[in-house]
Amino acid sequence: MNVLILSPHDFSAGLPDIAGLDLPDAFIPTVVYSLDELKVEAHEYKIRCEKFYVMNTCALAVQFALQCKAPVCDKAGNAMYSISSQRQGEQEVNSSFFTFKEIQIRAIIESACSTRDAEKASRSVNLMLSNGGDFFGEKTIRDILEKSVNSAEILDVFQKSYAKYVSDFEKRVNRIIKPSAPEIVDLKTFRPTGASVLSFEMGSGKSLLMNNEFDSALSEGRLPMMLVPNIALTGPHASRDEHYKNTVDSDGREIIKKGAISTLNSAKISSHSKINSAGKVLIVDEVVKGFEHINGDAFFDGTISDKRSGFKFLFDRVKACEDVTICDAHFGQEYIDIIENFSGKIFTAYTDKGGRYNNTKLNYGNLKCEDLIHKTKTDLRNNESIMFFSDRKQDVAKSMHGELADYAKSKGRKSILLNAQEMNIDGSIASQAASDPSNVLKGYSLIFCTPAVGPGFSAVLPEVKKIYIDCCGTISPLSLIQTCQRFRNVEEIYISFSLNNRKAMLPESRSDVCYSLIERENEVDLSEGGTILSHNTALHAKLMADPILCAAFDFLAIENWTRNSYKNFVITAMKQLGFALRFISSNEDEVTLQSTKLALRKAAEAEFKRSVYKSSELIEAKELLMMQKKAKAGLVDQRTKYLIEKASDASIMGVKDSFSDIDYDFVARKGLALIDRLRLANGNPGLERTTADRVKAQVLRDIHNFVSRGDFTSESFESIVTHMKSAKGIYEGKSISQIKLLKNYFMVIVDPKDHYKAVNSMIGLMGYKLRSDKNKKIGKGADRKNAYVLDSSFRDEALSYMHKADTCLLDATLQGVGMSAMIQDSHKSGALNFEGVPA
């Protein structure tokens, strides 16, 4: 039996002491000094069909063994266990147990040949340790840092770097969720005056205090305005004249109000004109959510101009009012500093003694969604009442609810589904629950909410002691933390993190946020000369000189920072807030069982969507824009959402009536995204409006040019990868390689070391796929190998749909039917070229 030994770099004296290894007599050792040599030797053994082991001398050796599916042995020749996808609890790191993430981290640590190398690599190690895929506990992190194969001096660099990283991270988390020096007050007797920040824990009674303050200011004639982040929070006030919907009296005359309880979107309506010009009192509830709302895509059209308009209105009111009360359970000093710098006012922060979270257990670790489903069923079986949150896609979340609801029904228990996107629909269950959750939800054993309950939601249900949170990262980390306390009697929380692996980090500085928004939104006109970079740099300077936008960018940068470190931020913040943390592990057997059941539910939901697409029901083009706005506001049900998607997809694909199975399968395979990329790469000037559009188009054209040459050899693969490394494009104001652009814009990670895999990843964006054809050979003798064959069937299918769509558009143009709506849709899909005729 052969054993390959990769000599770690610290064997500076030459060969490792092979004689000192207690290898079995059957082992024949071969020592190599680089990963490339290890690959060559292993390849030779495979060709000769000889069995071999790779010795665990370092993480790189183990990584390679996993890649080539070779067994691993320890230094005594004993076979090791295979790698595991997760760690069960907090075991010691030893020679017989690894997780994928641990191996990756150890490989980086062990590749450092000097303290300078270690300093450079430490940032990557710190991020991987803090955002571990299976959520490392502190013991595991310590073992990884201490037991990697390297010198004590180099390991010390990594350990000190990580300790500093943790300290800095914890300090910033604290500044985001807590004021630096709040005054402790008694909420029962406290009345805020001047510029105040109320940072009281959830369940402390902030809402009652704010309502009392509003009523007092109203009775004193001070024209107060209370701003809340969504319509659902105004529900309890609907019968009052101050409610923003009550804009006319019984005779139809407009009411000029003496106070207003409104959302940010509706705060500037004419009925509020007197308040906005002369009001003395401003109360802002759930202010962080309000900032996120203004900076989001759902605030009007989500443009830079909309962001500026929203924050200008808010800050103008902060400056003008005598008493400004800002309320949020977790409103930290970083937010306060931004408001103070812009408004010129000094805010005093207040809190109470707190301690409400101390008796709430937070269970985290490598839990999976399936673990939560299993635990929920166990609770239902034991006559317990629970709350389940999931921020997955609606169809997937409903599949999960269906599985749990059926189980609850089989046990004689009641369940309810709250779709948070329907909270704005008058009369819906979600709307009723938002207004009076304690009464509406009473008597239900399973309360399932998707994607998450909104701000201001507060339920007192003594029987609900547990919350299960299936987190995919679609809501902000601060929103997730607040979700944990929406039910005031909860004693135990379980969180599973199933975060999508975002390939590109979100911008974390004011400048980078500004560049990102410019490149995504602003149209570039180079008719008068200049470059994209010079154009964006000039606009960047202009926007950065606007203090209102600087505040908006700063708020968004904070949110992005929390999202980039999502899991670590949530756990660190909840620890600082006083939750009792416990690291627990997933149950692999239950995960497998529940995964099978969920797959069936997902398939059923997919069939429902397919049935909607195959039906003859179709939303007319003239109605589509209005229906899309309703869907954006959460005013339609799931079937209508599918019909809206169907109508949009039909216009892009040229489908005139119901979809066939082939049509729907194309949609399910993400064919619409392929059509978008093909349109963009076609060189249509009408589509290349923004910097991001132009840069993406150039990357796609370079990929298409490579394919069009028809040269698919190892040399050509290496050539295109080299080109993508050297060719540049603009991203966040910087010139970076196309390899990085593929990751940042298309979420495609290219492995420059595996050229065949890299090329397949790239050409897949254009609907191509390469495969090795054993029936066709190239080369001679020892160099003879399989030829690569190009599969363009997916691209051909997309081109066929594009042609049908263009034909439909031309027919509509000639007939003069639905011209306006069709032109609007065609511009979105790129069906018209610059001259306004079919491309």
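The talk that follows sets values against definitions.

Guide: This is a predicted model, where local features need pLDDT of at least 70 and side-chain atom pairs count only at pLDDT 80 or more, while totals for chains, interfaces and linings use all residues. Residues are numbered from 1 along each chain as its sequence is written, and side-chain values use heavy atoms, with hydrogens and water left out.

Visitor: How many helices and strands does the protein chain have?
Guide: The protein chain has 31 helices and 22 strands. Both are DSSP runs numbered from the N terminus: H or I over at least four residues for helices, E over at least two for strands.

Visitor: What makes threonine 562 buried?
Guide: Buried means under 20% relative accessible area, exposed over 50%, and partly exposed in between, with a 1.4 Å probe and protein chains only. Threonine 562 has a relative accessible area of 3%, so it is buried. This residue is in helix H19 (residues 547-564). Across the protein chain, buried residues make up 52% of the 839 residues.

Visitor: What does threonine 562 touch?
Guide: Contact means heavy atoms within 4.5 Å. Leaving out residues up to four places away in sequence, threonine 562 touches Ile176, Pro477 and Phe569. There is also a polar contact, a pair of N or O atoms within 3.5 Å; within protein, one must be able to donate a hydrogen and the other to accept it, and residues adjacent in sequence count only if both atoms are side-chain atoms. Here a polar atom of the threonine 562 side chain lies 2.6 Å from the backbone oxygen of glutamate 559.

Visitor: Why is lysine 206 said to have no salt bridge?
Guide: A salt bridge needs a side-chain nitrogen of Lys or Arg within 4 Å of a carboxyl oxygen of Asp or Glu. Lys and Arg count as positive and Asp and Glu as negative, with His and the chain ends not counted. For lysine 206, which is buried, the nearest side chain of opposite charge is glutamate 286, 6.3 Å away. A polar atom of the lysine 206 side chain does lie 3.5 Å from the backbone oxygen of phenylalanine 200. Lysine 206 is in helix H7 (residues 206-219), and its contacts include Leu187, Leu198 and Asp328.

Visitor: How do you know that the span of helix H21 agrees with its number of residues?
Guide: The expected span is 1.5 Å times one less than the number of residues. For the 27 residues of H21 (residues 588-614) that should be 39 Å, and the end C-alpha atoms are 38 Å apart, which agrees. The buried residues of H21, among them Val591, Leu598 and Tyr613, pack against helices H12 (369-381), H13 (394-410), H23 (638-653) and H24 (661-668).

Visitor: Why is strand E15 called largely enclosed?
Guide: In E15 (residues 446-450), 5 of the 5 residues are buried, so the rest of the structure largely encloses this strand. In a regular strand the side chains alternate between the two faces of the sheet. Both faces of E15 are covered: Leu446, Phe448 and Thr450 are buried on one side, and Ile447 and Cys449 on the other.

Visitor: What makes strands E13 and E14 partners of E15?
Guide: Two strands pair if DSSP finds at least two bridges between them. E13 (residues 385-390) is joined to E15 by 4 bridges and runs parallel to it. E14 (residues 415-419) pairs with E15 in the parallel sense over 5 bridges. Cysteine 449 is the bridge partner of phenylalanine 389 and also of leucine 418.

Visitor: Why are E5 and E8 edge strands?
Guide: They belong to an open sheet of 7 strands with parallel pairing, in the order E5-E11-E6-E10-E9-E7-E8. E5 (183-184) and E8 (260-263) each have a single partner strand, so one side of each is left without a neighbour in the sheet. E5 joins strand E11 (residues 348-351) through 2 bridges, with isoleucine 184 opposite threonine 351.

Visitor: Is leucine 223 buried or exposed?
Guide: Its relative accessibility is 11%, so leucine 223 counts as buried. Leucine 223 also has a positive phi, near 50°. Most residues other than glycine have a negative phi. Lysine 670 has a positive phi too, near 65°, but at 63% relative accessibility lysine 670 counts as exposed.
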